[in-house]
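Dear colleague,

Please find the structure below, together with its sequence.

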Amino acid sequence: MAKEQDMTQLSDRELTAVASNPLAMDGIEFIEYSTSKPQALGQVLEMMGFHPIARHRSREVLLYRQGDMNVIVNAHAGGQPRAVEPAEIPVIAAMALRVRDAAAAYRYAIDRGAWIVPSQVEVMELNIPAIHGVGASRIYFVDRYREFSIYDVDFTLNPGVDAHPPALTGLHWFGIVQYIGSDRLVEWTEFYTELFGFNVLPDEQRYGILPKGRILESPCRSFYLQLIDPKPGIFDPEPVELFQRVGLGTPDVLNTVAALRQRGVGFVESQGVHSEARGALTQSYLGGVMFELVHDERS
Amino acid sequence: MSARNPGMATVVNATLPYILDFGMDTISLAGTLPAKLAAVRDAGFSQIMLSARDVVGHSDGIDSAAHAVRASGLRVTGFQVLRDFEGLSGHLHEYKVDVAKSMLEMCHAVGGKVLLVCSSTSTHATDDADAMARDLRKLAMLALPLGIKVAYEGLSWGRTINEFTTAWDIVRRANATNLGLGVDSYHIFAAKTGLDELDFLDPDKIFLVQLADFMWQEVRTLEERIATARHFRVFPGEGVHSSALADLVLRLERIGYRGDYSFEVFNDDYQQMPLPTVAARARQSAIWLAEDVLRRAVPLPSQMRLQRTGA
């Protein structure tokens, strides 16, 4: 399609694609953790196959990478309301979505009721638009991921580092698990379908070894969100809603488990949850950081 | 003597399990937020409807107000009130979104789960139903991450939406999970909306019911409606609409409504009476509704059977 072609010239097929992927989403650009112990989390990430790549120019923020996956470790206390303040136990503070036009995606979400996150950029830094997500988390929109990246501007490469290390055993983003409160399944589903165009997968379509809750597929069909509500019978009047863990896809789970074990990663091996061809769950590190492996042929 | 009410003995009433879904509204009471919380709790209520003014006007600030509410042990029935939100455009819409965000943040801070929104009275607002629905859907989305439901109420002097029937039409058009209806008996009686219309509501989409009586049979003009609503309401059973109120509550029960009932009683006289005296009147009203109207104090035959089986 020629670049100058406008919306009036789009075919029906292309219009359907626009309607089903309104932000032209194209996967996850990065996942951000917040912690006051960035080195400790860095060690866990390195065990998982990530490499330290770069440091932020003005803040205590580190970039880790393997293959197409970027992880930001943020130890900078922003002091903003409704934001994650770095604490000893790392938490998933943000996900960044790749979109065709970040400003347009931001506008689209705000027009439909998303909360703006006020930006706090320093001189010559990129202003990456964000909205509030679950709990104190944020959802960023990034459109510079093809010809040049956001890290080229805001980060300084570590000396002598390979900026694009290959992924261990074909690991790639599979998705994020979100814990939600009682009776919140329909509401959170509406949040992701209305603002981003996610689709609900049928209940029989399941991945991995922890088949709970509801799975939403990204409109670009490249990753998933899993919404997990509290166990029946447990009433918590003030449930903590948050991004609980990330899921990593691999074409061969048991091969990945073996490779990660060699690097020192422990896995949950109980009667209910254990490593198998469908998936595996790492032990919890630093009081709450765990990774789920899911069988997924893409790499 | 009580430190909370100097010069007056505090009467602490037992909490009756069958009035747990009835609550008072702070707008019926004069005084400070802590005094209101204490009066409502001491009258045996377990919940309270809060107004943004209670929180904003608290002398020690919003955080302290939120702490006082949580420490009181009272559940927050809802938080009021966002006015004239729907149907605006351009900078007026943007302005109202900012106001809504502020209300939602306060509602969240005090542990409120329901934000009350009254239908617009603004002459600047459109009467296009789809535009109103779109705005309310956006408001519901703003409320969603905070775990707040939005109850939309048809104000009897609303410009376009002035009955619960038309408010229900907008709620259905908006089709958002956390957007539902706020039903206020005053506006039903003032607008003379037929109670049969309640049968067409989905009980799960009624997020709040507010009850009030008043002293005259008819309120003919809009001005009279506004004046009566804001100054002359009384607790259910105290006015001339008691039988209609009983009918309303019974109909809501019959269609399956199991949510809260809050006494939305604006009354200038109650504003200059001791808080425990006003709260005692509210308690009498709750007991009247629970015992005489809904007959909850009488054990149901099925419950007696269950007890015998278990013995």
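Angles run from 0 to 180 degrees between N-to-C directions, and axes are lines fitted to C-alpha atoms, for helices over the stretch in contact. Helices (H or I, at least four residues) and strands (E, at least two) are DSSP runs, numbered from the N terminus.

This is a predicted model, in which local features need pLDDT of at least 70 and side-chain atom pairs count only at pLDDT 80 or more, while totals for chains, interfaces and linings use all residues. Residues are numbered from 1 along each chain as its sequence is written, and chains are lettered from A and ligands numbered from 1 in the order in which they are written.

Two helices of chain B

In chain B, helix H1 (residues 33-42) and helix H10 (residues 275-293) have axes that come within 9 Å and cross at roughly 40°. H1(B) and H10(B) are therefore oblique to each other. H1(B) contributes B:Ala35, B:Lys36, B:Ala39, B:Val40 and B:Asp42 to the contact, and H10(B) contributes B:Leu275, B:Pro276 and B:Ala279. Two residues are in contact if their C-beta atoms, placed from the backbone, lie within 7 Å. By class, this contact of H1(B) with H10(B) has 6 nonpolar, no polar and 2 charged residues (Ala, Val, Leu, Ile, Met, Phe, Trp, Tyr, Cys and Pro count as nonpolar, Asp, Glu, Lys and Arg as charged, and the others, Gly among them, as polar).

The sheet of chain A

Chain A has an open sheet of 8 strands in the order E6-E7-E5-E1-E4-E3-E2-E8, with mixed pairing; two strands pair if DSSP finds at least two bridges between them. Strands E6 (130-132) and E8 (155-157) of chain A are at the edges with a single partner strand each, so one side of each has no neighbour in the sheet.

Strand E5 (residues 91-98) of chain A is mostly covered, with 8 of its 8 residues buried (20 or more other C-beta atoms within 10 Å of the residue's own; 12 or fewer is exposed, and in between is partly exposed). E5(A) runs antiparallel to strand E1 (residues 28-34) of chain A, joined by 6 bridges, and A:Phe30 stands opposite A:Ala96. With strand E7 (residues 138-142) of chain A, E5(A) pairs in the parallel sense over 5 bridges; here A:Ala96 has A:Tyr140 as its bridge partner. A:Tyr140 also stands opposite A:Ala130, where E6(A) and E7(A) pair in the antiparallel sense over 3 bridges.

Contact between the chains

On chain A, 11 residues are in contact with 10 residues of chain B. Helix H5 (residues 185-196) of chain A gives the most to this side of chain A, with 5 residues.

Backbone points to check

Most residues other than glycine have a negative phi, and most peptide bonds are trans. A:Arg221 has a positive phi near 60° and counts as exposed, with 12 C-beta neighbours inside 10 Å. A:Leu286 has a positive phi of about 55° and counts as partly exposed, with 16 such neighbours. In chain B, a cis peptide bond joins B:Gln80 and B:Val81, with omega about 0°.

With kind regards

Key:
Angles under 35 degrees count as roughly parallel, over 145 as roughly antiparallel, 65 to 115 as roughly perpendicular and the rest as oblique.
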